[in-house]
Amino acid sequence: MILRPQINDLRVIGFFLGKIASALGLIMLIPAVIGVLFSEANPAADYVIASEICFIVGLLLTLLCRGQTDLSWMQGMVVVSLGWLMAALLGAVPLHLSGHFASFLDAWFEAMSGFATTGLTLIKDLDHLSLAHNFWRHLMIFIGGQGIVVVAISLFMIKGGAGAFRIYVGEARDERVLPNVLSTARFIWLVSIVYLLLGTLALGVAGIVEGLGAKRAFFDGVCMFMAAFDTGGFTPRSQNILYYHSLLIESITMALMILGALNFNLHYHLWNGKRKELFHNLEMRVLGITMFVIFAIIAIDIMRLNLYPDALTLFRKGVYQLISAHSGTGYSNLYPRQFIAEWGNLSLVGLIVAMGLGGSICSTTGGIKALRVGIMFKGLVQDVKQIMLPESTVLQQKFHHLKEVVLEDKYVRVALVAVVLYFCVYVAGAFLGMVFGYPFLDSLFESTSAAANVGLSCGITRPAMPALLKVAYIIEMWAGRLEFVSILVLGGFLIAVFRGKK
Amino acid sequence: MIGRQKTEVGGRGSGVGGITVCFARRDDGRGDKKTITARPRGVAAQHPSFTISLSSILCLLSSIFCLLSSGLCYSQPVPAQELIKNAGQYDGKAVEYEGELIGEPMPRQDGVWFNILDDEGTALGIWVKGDIRPAVDYSGGYKVKGDRFNIRGELHQHCRQHGGDLDIHALSITKTKTGAIAPEILPRYKQRLMVYLGAILGVLWIISIISRTRQRQA
């Protein structure tokens with residue numbers, strides 16, 4: 001039996017959505033200030049307008065839905081799923097005002113791609129985009145990487161109670177780093193800001209070394225850091241990483257992508273000097289194995305095609321795409337068309353698998369995640385062993401993830417459900433692409449890239465693509481980032497509104 | 001070396017009523033050049049060069065048309081997407097490319113990188129050696145239309161010198177148009193929108209403060 005939500009449920013949800021809108025309005029003042037600093041009157045006005053709209057929505061919702069109480073599981077999940085949709089809609093306003101998008105739908109696509117740390121883009125004439133708008137595109141990734149609602153919590157919302165934890169889980173963060181959610185959010189911010197300073201410095205200096213002016217080097221540096229560490233994939237230039245023609249910048253972004261793909265809990269352990277965790281952790285082992293196997297597949301295919309003049313080039317191109325795909329970043333040192341025109345089907349399948357698998361849980365990466373793959377594999381091994389042993393034997397399988405954990409059926413079930421859901425979404429998107437006339441492999445590549453929040457493109461994503469496909473990718477990015485649960489709860493909530501019992 | 005070929009068709013008279021057809025004259029000057037003359041209607045066959053029938057000329061002209069449309073030779077700069085899509089065919093060949101300079105040129109040890117955006121919105125990296133580096137007045141960006149350059153050079157599908165990047169090594173680079181700074185005008189609708197929304201926000205803020213104060217008092 002489903003119970004119809006009470007008016008109080010709607011009030012609580014509305015109140016929290018209002019807070020999220022206000023938080024977004026506050027954050028939008030940063031690009032507005034950048035616009036003023038760099039004498040970009042139009043972009044500055046765009047952000048003032050968008051910020052005003054956010055505050056109006058926020059104030060209206062908090063006024064109408066006054067009366068803060070702690071969130072229930074259902075309310076928390078609905079807040080998260082609706083909050084992300086609303087944030088992408090509000091975030092699209094300044095982008096649409098910039099005039100660089102063919103329609104509001106395209107701007108919404110861009111905003112969702114940014115918040116979901118995907119990196120697929122529909123922008124036109126990126127090379128003439130203002131610094132303020134460019135900064136906003138990357139800032140969306142930075143905010144989305146931490147979790148929009150977690151950002152709102154950190155800014156001014158809740159004191160880290162049970163409701164905060166429900167929102168935190170709803171944003172696809174399965175683990176707390178510290179006992180309190182607020183402390184966890186603060187730790188995630190601390191890690192991100194320390195890396196932000198170091199990463200921007202490294203990329204800025206690299207930019208100067210490679211011939212960029214200091215202002216542009218550091219601007220591009222901060223943007224690239226946000227997109228690399230938060231595994232987003234936007235770049236300030238239309239040629240992506242190819243613009244810089246630099247091994248140094250490619251190496252730094254590669255290191256940042258790897259750091260971004262790691263579990264924040266692992267960062268915490270490493271910060272506390274527990275380096276052994278890096279080698280014992282099941283997640284890290286799975287990541288290492290899948291990277292090695294997929295690179296071998298790509299290398300064999302590229303060597304078979306005799307594509308690159310030497311091994312170093314093969315390594316530079318192959319490893320970069322692989323890390324970008326596996327970490328869910330979407331940076332590329334190839335033109336999108338080169339994937340289809342030059343790389344063989346085997347390499348493309350390898351990249352699709354890497355994108356589909358993703359990085360670590362409790363990181364900014366998307367996709368199935370290495371820990372789930374490891375748990376499923378361990379579960380399979382346990383089942384095979386159990387069959388081979390005498391019936392009276394009780395086998396207890398363990399795995400190491402931050403601590404020794406006994407493998408239980410519920411872990412395997414949860415992992416399997418996630419894998420099946422991701423697989424269904426990847427394939428559904430591919431079928432839709434085929435309906436619009438794209439080849440299967442291209443469609444699967446693009447669909448996986450959207451749902452696993454990667455951002456690599458084989459050329460399907462462009463302003464001229466069908467509107468329905470844009471909507472489908474928006475949904476894929478949204479669902480993939482939130483890992484389905486909160487969206488399924490939203491679906492249940494909507495059904496309950498109409499069909500639930502009083 | 002076929003790559004980009006400059007083709008001139010017809011136009012220059014040769015002798016009395018003659019038609020001269022020059023085709024596929026290659027940039028390196030090694031291309032074939034033939035002069036074919038035809039006898040126009042009503043002109044008697046007095047000159048020894050009036051020996052080829054009109055149908056042969058039509059046949060020749062259609063062959064040239066076929067060559068032009070086959071993409072093997074170009075009388076115009078090639079778009080970036082075409083170069084990327086068919087990079088294998090153009091690899092190591094002479095190409096002509098044209099577009100706007102975006103971002104600053106990036107000087108390196110023995111040359112400089114120019115990123116040139118073509119008219120269809122795709123940019124390519126152009127490697128320009130120090131000795132032919134042109135002067136740059138404007139680099140494209142927000143509010144700035146960058147200088148326009150015409151490049152003749154060699155395309156590398158996977159450049160051995162530059163880590164396997166797809167690039168063009170310029171043999172010559174010419175500025176065809178100087179860029180300009182576009183004045184920025186804040187549209188009136190944005191100005192009005194800011195004011196109206198600001199007013200609505202102000203009213204809501206006051207209501208919110210009053211409501212919160214009343215709630216506290218209650």
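1. Salt bridges first: across all chains the structure holds 19 of them, a salt bridge being a side-chain nitrogen of Lys or Arg within 4 Å of a carboxyl oxygen of Asp or Glu. Bear in mind that this is a predicted model, where local features need pLDDT of at least 70, side-chain atom pairs count only at pLDDT 80 or more, and totals for chains, interfaces and linings use all residues. On bookkeeping, residues are numbered from 1 along each chain as its sequence is written, chains are lettered from A and ligands numbered from 1 in the order in which they are written, and side-chain values use heavy atoms, with hydrogens and water left out.

2. Take Arg108(B) and Glu210(A), whose side chains form a salt bridge at 3.3 Å, N to O. Arg108(B) sits in strand β2 (residues 106-108) of chain B and Glu210(A) in the loop between α9 (181-209) and α10 (214-229) of chain A, so this pair joins two chains. Helices (H or I, at least four residues) and strands (E, at least two) are DSSP runs, numbered from the N terminus. Both Arg108(B) and Glu210(A) are buried, where buried means under 20% relative accessible area, exposed over 50% and partly exposed in between (1.4 Å probe, protein chains only).

3. Next, Asp165(B) and Lys317(A) meet in a salt bridge at 2.6 Å, N to O. This pair also crosses between chains, from the loop between β6 (148-156) and β7 (167-177) of chain B to helix α15 (residues 311-326) of chain A. Asp165(B) counts as buried because its relative accessibility is 1%. Lys317(A) counts as buried too, because its relative accessibility is 1%.

4. Within chain B, have a look at Lys175(B) and Asp137(B), which form a salt bridge at 2.5 Å, N to O. The two belong to distant parts of the chain, 38 residues apart: Lys175(B) is in strand β7, and Asp137(B) is in the loop between β4 (123-129) and β5 (144-145). Lys175(B) has 27% relative accessibility, so this residue counts as partly exposed. Asp137(B), at 47%, counts as partly exposed as well.

5. Over in chain A, a network of salt bridges links Arg216(A), Asp220(A) and Arg237(A).

6. Now the interface. The contact (heavy atoms within 4.5 Å) takes 49 residues from chain A and 50 residues from chain B. About 4100 Å² is buried between the two chains, with carbon and sulfur atoms giving 59%; buried area is the accessible area (1.4 Å probe) that two parts lose on being put together, summed over both. In chain A, Arg66(A), His128(A) and His245(A) lose the most area to chain B, together 16% of what that side buries.

7. Across the interface of chain A and chain B the rule finds 3 salt bridges. Of the helices of chain A, α3 (41-64), α15 and α16 (336-342) each supply at least two residues of the side that touches chain B, and α3(A) gives the most, with 14 residues.

8. What is the order of elements in chain B? From the N terminus on, they run α-α-α-β-β-β-β-β-β-β-β-α. Buried residues make up 39% of the 218 residues in chain B.
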